[in-house]
Amino acid sequence: MRMSDALATSIPRSVDARLYHEPAVFAEEQRRIFRGPVWSYVALEAELEGAGAFKSTFVGDTPVVVTRDADGALHGWVNRCAHKGALVCRASRGRVNDGNFVCVYHQWAYDAQGNLRGVPFRRGLKGEGGMAKDFDLAQHGLQKLRVSTLCGMVFLSFEVKAPPLEAFLGEAMCRLVRRIFNRPVRVLGYARQNMRGNWKLYSENSRDGYHGGLLHLFYPTFGIYRPSQESAGVVSEEGFHNAFTVSKPSHTGGYENYQVEANREIAGASGGTQMLRDPSVLAFRPEFGDDIALLIQSLFPSVVVQQIQNTLATRQIVTRSVAETELVWTYFGFADDDEAMTRHRIRNINLVGPAGYISMEDGEAVELCQKGTAGAEGWRSFVEMGGADVVPRVAPIGLDENAVRGFWKGYLSLMKGTIEVLP
Amino acid sequence: MSPPATALDGQRLMLLNEIAEFNAAYAHCIDDDRLEQWPDFFVEDCEYQIIPRENVDLGLPAAIVFCDNRGMLIDRVVALRKANIYAAHYSRHVLGFPVLLEAGQAAIRSQTSYVLLQTRMDGETRVFSAGKYVDWMVRTNGLLRLKQRSVVFDTHRIDSLLVTPI
């Protein structure tokens, strides 16, 4: 296929708006990225406990299932019957006790690994019908995907050329994943948000530190002034992945004072600002033995890992169409949380998610960009805040678009085929 | 839910109507954009959450909005008015008739279906959310008030964002 003009002329600091709108670009992304040499996050191992557990989800727009077999091993396959292409697994999650995934249409049966185990009337009946004598079950299994995990995060890949998961993510990203997933987690629930915009607009958004204090006005509105926090952004070598970290306010002298401090600051800064009646939504209990109070980690192409105060979540990006993206939030805590800690996390969740005080606007921003770039043939974005290149690290964050350029650098290298195999 | 175990008597009819009237006023309060009065439907020590049915069915506790006192309800309204950015819209709640689950002195429990339509300024109306209220009401000076309202929503893929209470 000839590369679209929009792709050919786009560069990391300036991309053609048609990349958000052209169905041909979307189809090419599915092939080169989502079914290409990358790893896509699909689940937490905590969602797949015990033999026969499964979860249906997507890699890009392809329906996939991740399963755990009787021996405890994880498997991934495309959720598409080898016969007629029907969805084999129709439930979003559950457990298959007999180890068989049966397509309802003609009852072709597959095991948890995706092997075809049985076909009704394979030998016909009384000499009539049936499959040819040389029909080989082994040749008609489900399309199997590679599975890899990092500290309980489960990733799938379509492509043998994808490097090992940890090499794909790079050491800096792996270290931050290990920090969060330092002990067994427990899923607290899900939230799903439909954004009326292209998946790349959200991918940019989660790497865009510039918008944080400007679009999300919750903190300034309530006069929560946090000047002494240290922040940094780290971009992986090829640009794909990014992590923002923000430390706790250093002048509070400890998290136990954070809430009191926040209240005092609200009161002190009350010239025109509002008071929060109940600042407990902001309360923070350190739990990782460091000063990081906020982490937004974007792992190309399909997930954001977040720690905002004590809300822990993965945000899976599902590309529904060129103009529609679903964000699936999986909230979690730790298996050893007590009831009070769980309640605290659930209060903190008011900050994030589709109704979150400091995150709901992202859905609106994505939609505004999708609408505004419609029909913008030849129009290009201008992404030069803080320079025109991609550097490995910025500090503080909020004054640059380094990681957005990093995203485009990685994206364009895959889409233009300038790198076939990632490091 | 089972069929009613006893014939409808005057007392239950009165209570059901009182709950229905309360719910209707609650819905109009939101739909008429009188959100500053919305917390008045609750007692001070209340709990209000908006939680996907998916989580309830799985026995998982995470809600997308979780308030466990009236101050947090007021904070939600202030944030909506002053801080949050979202597409302007009208809300329109259409409520079902309540089902009475318990009519005790300390707790009046009921549940009620709702459909919430949203109309953005382009004039198009969409079903934004369908679900049910699961309520625990108490009497304050003889009047019904919410001690606890769980909004359990079926429409678990939320359209863009949720800012206005349900």
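Predicted model: local features only at pLDDT ≥ 70, side-chain atom pairs only at ≥ 80, totals over all residues.
## Nonpolar cores

The largest nonpolar core holds 144 residues. Met153(A), Phe218(A), Tyr411(A) and Tyr48(B) have the most contacts inside this core. Its leading contributor is helix α11 of chain A, residues 402-415, which supplies 8 residues. Another core lies apart from it and has 17 residues, including Val88(A), Cys89(A), Cys103(A) and Leu116(A).

Which residues does Tyr411(A) touch, not counting residues up to four places away in sequence? They are Leu7(A), Leu19(A), Val25(A), Glu29(A), Ile33(A), Trp199(A), Lys200(A), Phe240(A) and Phe300(A).

## Helix α2 of chain A

Helix α2 of chain A spans residues 23-34, and its buried residues are Val25(A), Phe26(A), Glu28(A), Glu29(A), Gln30(A), Ile33(A) and Phe34(A). Among these, Val25(A), Glu29(A) and Ile33(A) are also in contact with Tyr411(A). An α-helix has 3.6 residues a turn, so residues three or four places apart point the same way.

The cover over the buried residues of α2(A) includes the strands β1 (40-44), β2 (53-59) and β16 (311-321) of chain A. Helices α5 (199-206) and α11 of chain A are also part of that cover.

## Chain B as a whole

Chain B contains 3 helices and 8 strands, which follow one another along the sequence as α-β-α-β-α-β-β-β-β-β-β. Its radius of gyration is 16 Å, close to the 15 Å that the globule rule gives for 166 residues, so chain B is as compact as a globular protein of that length. Along the principal axes, the C-alpha atoms of chain B fill a box of roughly 50 × 30 × 30 Å.

Of the 166 residues in chain B, 50% count as buried. When contacts in chain B between residues at least 6 apart in sequence are considered, 57% of them join residues at least 24 apart. The chain exposes about 7800 Å², with carbon and sulfur atoms supplying 53% of that area. Its side chains include 17 positive and 21 negative ones, and the centres of the two sets lie 1 Å apart.

## Ala112(A)

Ala112(A) sits in the loop between β7 (109-111) and β8 (116-118) of chain A. Is this residue buried or exposed? Its relative accessibility is 8%, under the 20% cut-off, so Ala112(A) counts as buried.

Pro354(A) is 242 residues away from Ala112(A) along the chain, and their C-alpha atoms are separated by 34 Å.

## Backbone features

Most residues other than glycine have a negative phi, and most peptide bonds are trans. The bond from Phe300(A) to Pro301(A) is cis, with omega near 0°, and Pro301(A) lies in the loop between β14 (292-299) and β15 (303-308) of chain A. The bond from Ala395(A) to Pro396(A) is likewise cis, with omega near -5°. Pro396(A) is in the loop between β18 (393-394) and α11 of chain A.

Gln107(A) has a positive phi, near 60°, and lies in the loop between β6 (100-102) and β7 of chain A. Its relative accessible area is 52%, over the 50% cut-off, so Gln107(A) is exposed. Asn141(B) also has a positive phi, near 50°. Asn141(B) belongs to the loop between β6 (125-140) and β7 (143-153) of chain B and counts as exposed at 76% relative accessibility.

Methods:
Residues numbered from 1 in each chain as written. Chains lettered and ligands numbered in written order. Heavy atoms only, no water. Core = buried A, V, L, I, M, F, W, Y, C linked by side-chain atoms within 4.5 Å. Buried < 20%, exposed > 50% of the residue type's maximum accessible area, 1.4 Å probe, protein only. Helix = DSSP H or I, 4+ residues; strand = E, 2+ residues; numbered from the N terminus. Contact = heavy atoms within 4.5 Å. Rg over C-alpha atoms; globule rule 2.2 N^0.38 Å. Areas by Shrake-Rupley, 256 points an atom, 1.4 Å probe, with all protein chains shown as cover. Lys, Arg positive; Asp, Glu negative; His and termini not counted. Charge placed at Lys NZ, Arg CZ, Asp CG, Glu CD.
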